[in-house]
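Look at the model below and follow the chain from end to end. The report then moves from one residue to the whole chain.

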Amino acid sequence: MDVEKVMEFILDQQAKTEVQFAKHEAEFAKHEAEFAKIAGMIAQMAAIQLRTTESLEKLNASQALTDQAIRDLAAKQAITETKLQGLIDALSRNRNGHGN
């Protein structure tokens, strides 16, 4: 066995391994940067989702108030209609009672 050839083989393998290792490190760094970018986008989306949820909660609360106001208005409108009809009836009776 030739020691020089074995040493040369070992050194050659070590050099190839270092080249492969450097390539893998570069790929890892690339993937790490992509991951950081995706993580940032996910954080932005989560913040948007939170703001959207808060806005929807406020909108739902406002809608509930609006719904109640419409119910109150409808009830008052019914009372107004009843009173108006009573007034109309009273005026009609007075006119009819005076010979019109």
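Ile88 sits in helix α1, which covers residues 3-97. This is a predicted model. Is Ile88 buried, partly exposed or exposed? Its relative accessibility is 38%, so Ile88 counts as partly exposed. Ile88 also belongs to a nonpolar patch on the surface, together with Leu84, Leu87 and Leu91. The accessible area of these four residues comes to about 360 Å².

Now the overall fold. The chain has one helix and zero strands. Its radius of gyration is 42 Å, well over the 13 Å that the globule rule gives for 100 residues, so the chain is more spread out than a compact globule. Along the principal axes, the C-alpha atoms fill a box of roughly 140 × 20 × 15 Å. How much of the chain counts as buried? The share is 0% of the 100 residues. The accessible surface is about 9200 Å², and 63% of it belongs to carbon and sulfur atoms.

Next, the charges. The chain carries 12 positive and 15 negative side chains. The centres of the two sets lie 20 Å apart. The structure holds one salt bridge. Lys16 forms it with Asp12, and the closest N and O atoms are 3.4 Å apart. Both residues lie in helix α1, four residues apart, which is about one turn of the helix.

The table gives the exposure of both partners.

| Residue | Relative accessible area | Class |
|---|---|---|
| Lys16 | 46% | partly exposed |
| Asp12 | 36% | partly exposed |

How values were computed
Residues are numbered from 1 along each chain as its sequence is written. This is a predicted model: local features need pLDDT of at least 70, side-chain atom pairs count only at pLDDT 80 or more; totals for chains, interfaces and linings use all residues. Side-chain values use heavy atoms; hydrogens and water are left out. Helices (H or I, at least four residues) and strands (E, at least two) are DSSP runs, numbered from the N terminus. The radius of gyration is taken over C-alpha atoms; the globule rule is 2.2 Å times the number of residues to the power 0.38. Buried means under 20% relative accessible area, exposed over 50%, partly exposed in between (1.4 Å probe, protein chains only). Accessible areas come from the Shrake-Rupley method with a 1.4 Å probe; for residues, only the protein chains shown count as cover. Lys and Arg count as positive and Asp and Glu as negative; His and the chain ends are not counted. The place of a charge is taken as NZ of Lys, CZ of Arg, CG of Asp or CD of Glu. Patches are made of residues with over 30% relative accessible area and no salt bridge: like charges are joined within 9 Å, nonpolar side chains (Val, Leu, Ile, Met, Phe, Trp, Tyr) within 5 Å. A salt bridge is a side-chain nitrogen of Lys or Arg within 4 Å of a carboxyl oxygen of Asp or Glu.
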